[in-house]
Amino acid sequence: MATTTPTPLAKMRPNDPCWCGSGNKFKRCHKAATDRVVAGTISERRPVPSEIERPHYAEHGGTDDRNEPMVKDADTLERMRRTGRAAAEILRQVGEAIEPGITTDELDALCHRLCIEAGGYPSPLNYGTDPPFPKSVCTSVNEVICHGIPDSRPLRDGDIVNLDVTLFREGVHGDTNATWAVGTADPESLRLIRVTRECTQLGIEAVAPGRPVSDIGRAIQDHAEAAGFGVVRAFVGHGVGREFHTPPEILHYFHPRADQRMEPGMTFTIEPMIAVGAWQQKLWSDGWTASTVDGKRTAQFEHTLVVTDDGAELLTLHPDGRWSGDGGQPGDPLG
Ligand code: MF3
Ligand code: CO
Ligand code: CO
């Protein structure tokens with residue numbers, strides 16, 4: 001049999017045979033997963049027991065005190081290692097619950113419970129203003145770039161979903177995310193996930209003391225564009241510690257003015273959002289959900305790290321050393 005290049009999702013017609021190999025017409029098979037994501041219903045706010053230590057915005061909303069030093073002391077780093085590892089374990093466990101039919105609100109309930117069982121606070125809950133984020137995890141499906149609000153929409157076979165978990169414990173945040181295919185996703189979506197994961201890995205490998213943070217963006221942009229994909233500009237990596245989002249700003253594309261030099265002890269995230277089509281974004285009327293302007297898909301992977309004397313130490317690596325999410329190849333360093 002001849003090898004065929006899969007038809008890009010955008011070019012599939014309703015009566016074409018589905019890419020999944022079922023033999024059914026696309027419209028009777030995976031087409032539903034290519035429709036635009038529509039908001040569902042957002043459930044009531046989930047309570048956090050009073051004995052859990054909260055970030056300052058937990059009651060009244062709010063953003064960040066941007067005076068936190070970028071370079072952390074040894075004690076802060078120890079706390080960030082413990083919190084980061086716990087966040088990675090929660091991301092792994094919530095990811096294991098992904099399957100066709102589960103709602104993003106059910107994933108939120110699980111993430112909320114796991115954060116509390118770990119003795120921490122789910123950082124997204126009530127973060128920000130006008131309005132504060134209402135849930136405990138961000139769930140971003142298909143063309144949603146980031147900050148998707150968990151709701152009553154069931155995940156469908158063929159969707160892709162990013163879970164962005166942040167845990168606040170011992171006075172510091174650990175911020176990490178990954179993207180999964182739900183059931184059987186089309187080949188182009190799987191390639192997007194794999195390339196995005198590689199972009200994150202290459203961004204991390206560009207971390208070195210004395211170098212400007214623009215090295216990170218260059219490494220990510222070069223890899224994404226070589227694969228025919230685009231880099232979302234509107235959302236950036238960020239310093240993190242006692243506060244959720246602080247300087248430095250980590251652009252995921254090259255910009256000569258991103259000239260902040262990396263220093264040992266600096267903690268920040270790298271979290272590229274990579275787009276199949278247009279990288280431009282628009283905001284839903286909920287004030288949070290960001291989607292691509294053309295409705296094509298994006299993927300994202302995120303780690304919190306600390307700059308070391310010769311590179312980076314991942315603070316949100318799972319204790320087993322493996323990344324969460326899809327896109328790893330057996331035997332490759334990302335697997
Ligand atoms: N975790 C996201 C990040 O990577 C921030 C989410 S803010 C929220 O920076 F309010 F949407 F939770
Ligand atoms: Co982040
Ligand atoms: Co995040």
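How many nonpolar, polar and charged residues are in the lining of the largest pocket? By class, 14 are nonpolar, eight polar and seven charged; here Ala, Val, Leu, Ile, Met, Phe, Trp, Tyr, Cys and Pro count as nonpolar, Asp, Glu, Lys and Arg as charged, and the others, Gly among them, as polar.

Before the close-ups, two notes. This is a predicted model, where local features need pLDDT of at least 70 and side-chain atom pairs count only at pLDDT 80 or more, while totals for chains, interfaces and linings use all residues. Residues are numbered from 1 along each chain as its sequence is written, chains are lettered from A and ligands numbered from 1 in the order in which they are written, and side-chain values use heavy atoms, with hydrogens and water left out.

**View 1. The largest pocket holds about 560 Å³ of space.** Of its 29 lining residues, Tyr127, His147, Phe235, His238 and His245 sit closest to the centre. A pocket is an open set of points on a 1 Å grid over the protein atoms alone, with protein on both sides within 12 Å along at least five of seven lines, and lining residues have an atom within 4 Å of a point. The volume is the space filled by probe spheres set on the points, which are joined across faces, edges and corners. E4, E7 (237-239), E8 (246-250) and E11 (281-283) each supply at least two lining residues, and E8 gives the largest share, with four. Strands (E, at least two residues) and helices (H or I, at least four) are DSSP runs, numbered from the N terminus.

**View 2. The second largest pocket holds about 390 Å³.** Its lining has 23 residues, and Leu9, Ala10, Thr34, Gly295 and Lys296 lie nearest the centre. By class, this lining splits into nine nonpolar, four polar and ten charged residues.

**View 3. Two cavities of 30 Å³ or more turn up in the whole structure.** A cavity is a set of grid points where a 1.4 Å probe fits but cannot get out. The largest cavity has a volume of about 80 Å³. Of its 14 lining residues, Leu91, His303, Thr316, Trp323 and Ser324 lie nearest the centre. The second largest cavity, at about 30 Å³, is lined by residues including Ser140, Asn162, Thr179 and Gln300. Strand E13 (298-300) gives the most to that lining, with three residues, and no charged residues take part.

**View 4. Helix H2 (residues 104-117) is mostly covered, with ten of its 14 residues buried.** Buried means under 20% relative accessible area, exposed over 50%, and partly exposed in between (1.4 Å probe, protein chains only). Among the buried ones are Leu107, Leu110, Cys111, His112 and Leu114. Their cover includes helix H1 (74-96) and strands E1 (121-122), E2 (138-141) and E4 (160-169). After H2 comes Gly119, with a positive phi near 85 degrees.

**View 5. Strand E14 (residues 303-307) has five of its five residues buried.** His303, Leu305 and Val307 are on one side, with Thr304 and Val306 on the other. E14 pairs with E9 (residues 267-270) in the antiparallel sense over four bridges, and Thr267 has Val306 as its bridge partner. Two strands pair if DSSP finds at least two bridges between them. E14 also pairs with E15 (residues 312-314), again antiparallel, over three bridges; here Leu305 partners Leu314. A hairpin of four residues joins E14 to E15.

How values were computed: Contact = heavy atoms within 4.5 Å.
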